[in-house]
Amino acid sequence: MSGVVEARIAELGLTLPGVVPPLAAYRPAIQSGVYVYTAGQLPMVDGKLPVTGKVGAEVTPEEAKDLARTCALNALAAVKSVAGELDRIARVVKVTGFVASAPDFTGQPTVLNGASELLGEVLGDKGVHARSAVGVAVLPLDAPVEVELQVELLPQ
């Protein structure tokens with residue numbers, strides 16, 4: 001049975017995906033105490049990247065912002081795989097986002113708003129978080145965006 005958070009995801013016309021399998025030797029999410037840390041989540045849809053390349057070159061900022069939303073959904077799926085239910089989220093503590101950027105692209109914060117806004121839409125005040133938006137030369141599989149979360153859980 002899905003909870004309130006998953007119902008909100010459905011109300012937004014979205015679907016919580018399955019957990020994206022790791023690309024290497026790591027787990028999608030790990031719980032330590034009351035916190036869940038996700039691995040960096042790429043904007044995978046049905047096992048593949050819908051777009052590749054650098055933001056500001058092959059990928060528009062608007063496309064990248066949508067991809068960041070997908071990364072956030074994938075991160076929520078990773079959280080659920082550890083927490084059992086997304087309703088256990090007390091708050092999103094930190095979002096770290098990486099944007100594969102063309103050399104002159106400086107709009108990383110706007111791209112990462114895709115993830116931040118989705119978390120706010122889905123979780124309300126619990127989705128308000130601290131954040132880093134970092135421009136990088138390249139990401140795994142030539143992904144334009146990667147997002148990781150740190151989430152605090154309510155006790156069971």
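According to UniProt, in an unreviewed entry, residues 6–152 carry the feature "domain: Endoribonuclease L-PSP/chorismate mutase-like", an annotation that may be inferred rather than shown by experiment. The model is a predicted one, in which local features need pLDDT of at least 70 and side-chain atom pairs count only at pLDDT 80 or more, while totals for chains, interfaces and linings use all residues. Residues are numbered from 1 along each chain as its sequence is written, and side-chain values use heavy atoms, with hydrogens and water left out.

Over residues 6–152 the chain is 31% helix and 24% strand, with the end C-alpha atoms 17 Å apart; helices here are DSSP runs of H or I with at least four residues, and strands are runs of E with at least two.

Helix α1 spans residues 4–11. Its residues Val5, Glu6 and Ile9 are buried, that is, under 20% relative accessible area, where exposed means over 50% (1.4 Å probe, protein chains only). Seen down the axis of α1, the buried residues fall within an arc of 95°, taken from the directions from the axis to the C-beta atoms, so they line one face of the helix. On the other side of α1, Val4, Ala10 and Glu11 are exposed.

What covers the buried residues of α1 includes α2 (61–83) and α3. In α1, Val5, Arg8 and Ile9 meet Glu121, Val122 and Leu123 of α3, contact meaning heavy atoms within 4.5 Å. The residues of this contact divide into four nonpolar, no polar and two charged.

After α1 comes Gly13, whose phi is positive, near 80°.

Definitions and conventions
Axes are lines fitted to C-alpha atoms, for helices over the stretch in contact, and angles run from 0 to 180 degrees between N-to-C directions. Ala, Val, Leu, Ile, Met, Phe, Trp, Tyr, Cys and Pro count as nonpolar, Asp, Glu, Lys and Arg as charged, and the others, Gly among them, as polar.
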